[in-house]
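Thank you all for making the time this morning.

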Amino acid sequence: MHDYVKDLNHLYITEPALYEVDFHYEGFEWIDCNDTEHSIVSFIRKGKDWRDMLIFVCNFTPAVHDNYRIGAPVDAAYIEIFNSDSEKYGGSNVLNVNEIKAENLPYHQKPYSIVLKIPPLAAVILRPLIK
């Protein structure tokens, strides 16, 4: 089994946002589905507990975006828990290695925003560090 399949399977069983509210609209929320210029979509997956949320950002082009801003639902630091562009999956290793702090700047109809690196032809999953 490839590492990415193993890693995705592990995420699926350990992250409630990926399985708890699968078949109901309350388990999904768009951040941005309109960035046709960059071919990037971003959305939130949610679990039953509001703290069990994940942010997904998917880039469908070979372009890297170093300072890409998206809306964020909570004032927290966010960490990257999966990046399909990782070198271990054969990617170019454009990663978000440090915590990404939310800024008090509303964006995409969310009360906060974050700025991150978007790798080429890849999906990134972020988890907020909520106390």
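Predicted model: local features only at pLDDT ≥ 70, side-chain atom pairs only at ≥ 80, totals over all residues.

Let me begin with the overall layout. The protein has 1 helix and 8 strands, and if you read along the sequence the pattern is α-β-β-β-β-β-β-β-β. The radius of gyration is 14 Å, close to the 14 Å that the globule rule gives for 131 residues, so the protein is as compact as a globular protein of that length. Taken along the principal axes, the C-alpha atoms fill a box of roughly 35 × 30 × 25 Å. Of the 131 residues, 44% are buried, and the accessible surface comes to about 7,600 Å², with 53% of it belonging to carbon and sulfur atoms.

An open sheet is formed by 6 strands in the order 1-2-3-8-5-6, with antiparallel pairing. Strand 1, residues 28-35, and strand 6 stand at the edges, and because each has a single partner strand, one side of each is left without a neighbour in the sheet.

Strand 5, which covers residues 77-83, is largely enclosed by the rest of the structure, because 5 of its 7 residues are buried. Towards strand 8, residues 122-129, strand 5 makes 6 bridges in an antiparallel arrangement, and one of the residues involved is Glu80, whose bridge partner in strand 8 is Leu126. Towards strand 6, strand 5 makes 2 bridges, again running antiparallel: Ala77 has Lys101 as its bridge partner, while Tyr78 has Ile100.

That brings us to Ile100, which is found in strand 6, residues 100-101. Is Ile100 buried or exposed? With a relative accessible area of 7%, Ile100 falls under the 20% cut-off and is therefore buried. Leaving aside neighbours within four places in sequence, Ile100 is in contact with Ala76, Ala77, Tyr78, Ile114, Val115, Leu116 and Leu126. The C-alpha atoms of Ile100 and Leu116 are separated by 7.1 Å, although these two residues are 16 residues apart along the chain.

Next, the charged pairs. A search of the whole structure finds 8 salt bridges, and I will take a few of them in turn. In one of them the side chains of Lys88 and Asp7 meet at 2.9 Å, N to O. This pair links distant parts of the chain, since Lys88 sits in the loop between strand 5 and strand 6 and Asp7 in helix 1, 81 residues apart. Lys88 counts as exposed at 51% relative accessibility, whereas Asp7 is buried, with a relative accessible area of 18%.

In another, the side chains of Arg127 and Glu15 meet at 2.2 Å, N to O. Here too distant parts of the chain are linked, with Arg127 in strand 8 and Glu15 in the loop between helix 1 and strand 1, 112 residues apart. Arg127 is partly exposed at 28% relative accessibility, and Glu15 is buried at 9%.

Two backbone details deserve a careful look. Most residues other than glycine have a negative phi. His108, in the loop between strand 6 and strand 7, has a positive phi of about 50° although it is not a glycine, and His108 is partly exposed at 22% relative accessibility. Leu121, in the loop between strand 7 and strand 8, likewise has a positive phi, of about 45°, and Leu121 counts as exposed at 57% relative accessibility.

Lastly, the surface. Tyr4, Val5 and Leu8 form a nonpolar patch there, with about 220 Å² of accessible area together. Among these residues, Val5 is found in helix 1, residues 3-14, and is partly exposed, with a relative accessible area of 30%.

How values were computed:
Residues numbered from 1 in each chain as written. Heavy atoms only, no water. Helix = DSSP H or I, 4+ residues; strand = E, 2+ residues; numbered from the N terminus. Buried < 20%, exposed > 50% of the residue type's maximum accessible area, 1.4 Å probe, protein only. Contact = heavy atoms within 4.5 Å. Patch = residues over 30% accessible without salt bridge, like charges linked within 9 Å, V, L, I, M, F, W, Y side chains within 5 Å. Areas by Shrake-Rupley, 256 points an atom, 1.4 Å probe, with all protein chains shown as cover. Salt bridge = Lys/Arg side-chain N within 4 Å of Asp/Glu carboxyl O. Pairing = 2+ DSSP bridges. Rg over C-alpha atoms; globule rule 2.2 N^0.38 Å.
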